[in-house]
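The sequence and the structure come first.

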Amino acid sequence: MAEKDYILKVDDLKTEFKVGKRVVHAVNGVSFNVERGKILCIVGESGCGKSQTVHSILQLLAENGYIAGGSVEYFKKGANKPQVLSSYSRNSKKIRAIRGKEIAMIFQDPMSTLNPVYTVGRQIMEMLLKHERISKKEAKARIMQLLNDLEIPTPEVRYDQYPHEFSGGMKQRIMVAIAMICNPDILIADEPTTALDVTIQAQILDLIRKMQQEHGTSVIFITHNMGVVAEIADDVAVMYMGRIVEQGTVKQVFTNPQHPYTKALMRSVPVMGMDKARALDTIEGTTPDASTVFHGCEFADRCTYATEACFNRFPIDTIIEDGHRVRCLLFEEGEQNAE
Ligand SMILES: Nc1ncnc2c1ncn2[C@@H]1O[C@H](COP(=O)(O)OP(=O)(O)OP(=O)(O)O)[C@@H](O)[C@H]1O
Ligand SMILES: [Mg+2]
């Protein structure tokens with residue numbers, strides 16, 4: 001099989017936070033690749049490390065956070081070698097040239113991006129002029145075009161309005177506009193739809209997919225909802241407690257889920273075509289505190305299949321088939337016969 005064309009390779013990424021004397025291992029050896037032009041979804045419950053994984057990619061960690069190991073490589077089209085983003089410091093010129101221009105992010109909280117005291121037009125304009133040498137007139141024309149593409153009604157009126165004059169869904173569209181205005185190679189969308197009602201969620205998903213298809217943008221889309229994954233993803237990575245426990249194409253993971261956590265996640269959300277009358281299961285137990293020290297699988301405590309070995313040994317990735325891998329002792333060769 002031909003080698004796939006990857007735009008981003010994350011290898012054994014470890015991200016930590018210092019909190020007093022404690023160290024929080026928010027991202028604990030995460031590896032995944034993003035295929036050029038495709039949508040990768042990262043899915044998992046609150047606190048599993050989704051946001052910190054993508055913040056690490058762009059060196060956007062809080063002051064007490066740092067990358068403790070691993071690498072992030074960005075393969076710009078036509079370049080003969082990758083840019084190792086994990087080696088750039090957080091305020092370096094190199095990473096600032098990439099943020100917003102080559103790799104853009106829609107943040108979980110729109111108000112962390114939108115400044116309440118400036119009009120939205122000015123904010124989109126600033127992003128564009130920061131990265132491209134064009135006249136204000138050209139910039140304005142491009143913004144109007146984009147606002148039109150994003151189906152924002154009366155864009156010329158909207159351009160001069162302030163964030164508080166926008167509804168949640170419209171604010172989210174403005175976030176998409178700020179992220180897309182420089183035509184980035186990679187769009188990272190961190191739960192852009194969670195706070196929105198279902199109809200508006202579906203519209204935002206459509207917009208992101210439209211952008212991906214029309215511009216060939218590669219996308220990392222974060223969600224805790226398997227239904228959204230089914231809607232939008234080409235590939236999926238399931239995270240639990242700072243680790244990826246299963247990954248594969250959306251088809252592999254949905255038709256043949258392996259990890260007990262993936263299976264539980266699938267049962268806990270409505271998935272397309274599911275019988276609406278069926279009550280939704282919730283996953284028993286809660287995610288342990290991020291500073292818990294483990295000697296074995298982090299999910300063992302909540303797992304109906306866990307054996308004693310699961311509490312005492314870290315699982316390693318097992319390949320189910322090409323591109324589909326799972327981190328669970330149940331699948332490690334010889335495990336059934338062990339002890
Ligand atoms: N600045 C910080 N200092 C200490 N711990 C932090 C910091 N930022 C994040 N964490 C911890 O890192 C872990 C992963 O957080 P992260 O924000 O990546 O979760 P998430 O998967 O995005 O969750 P959510 O779905 O709620 O957004 C959590 O346990 C969180 O408390
Ligand atoms: Mg998050």
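Two strands are taken to pair if DSSP finds at least two bridges between them.

Q: Which residue of strand 8 does Ile-42 stand opposite?
A: In this predicted model, strand 3 (residues 39-43) and strand 8 (residues 218-223) run parallel and are joined by five bridges. Within this pairing, the residue of strand 8 that stands opposite Ile-42 is Ile-222.

Q: Which strands are the edge strands of the open sheet?
A: The open sheet has eight strands with mixed pairing, in the order 6-7-8-3-9-10-12-11. An edge strand pairs on one side only, and this holds for strand 6 (103-106) and strand 11 (317-321).

Q: What angle does the direction of helix 1 make with that of strand 8?
A: Helix 1 packs on the sheet, where its contacts are with strand 3, strand 6, strand 7 (186-190), strand 8 and strand 9 (235-240). Helix 7 (residues 198-215) also lies across strand 8, running at about 160° to that strand. For helix 1, the angle with the direction of strand 8 is about 150°.

Q: How much of the accessible area of ligand 1 does the protein cover?
A: An oxygen atom of ligand 1 is 2.8 Å from a side-chain N or O atom of Lys-50, and an oxygen atom of the ligand is 2.7 Å from a side-chain N or O atom of Gln-108. Of the 650 Å² of accessible area that ligand 1 has on its own, the protein covers 72%.

Q: Which element gives the most residues to the shell around ligand 1?
A: The shell comprises 16 residues, and by class they are six nonpolar, seven polar and three charged. With three residues, the element that gives the most is helix 1.

Terms used:
Residues numbered from 1 in each chain as written. Chains lettered and ligands numbered in written order. Predicted model: local features only at pLDDT ≥ 70, side-chain atom pairs only at ≥ 80, totals over all residues. Heavy atoms only, no water. Near = heavy atom within 4 Å. Polar contact = N/O pair within 3.5 Å; in protein donor to acceptor, adjacent residues only side chain to side chain. Areas by Shrake-Rupley, 256 points an atom, 1.4 Å probe, with all protein chains shown as cover. Helix = DSSP H or I, 4+ residues; strand = E, 2+ residues; numbered from the N terminus. Nonpolar A, V, L, I, M, F, W, Y, C, P; charged D, E, K, R; others polar. Contact = heavy atoms within 4.5 Å. Axes fitted to C-alpha atoms, helices over the stretch in contact; angles between N-to-C directions.
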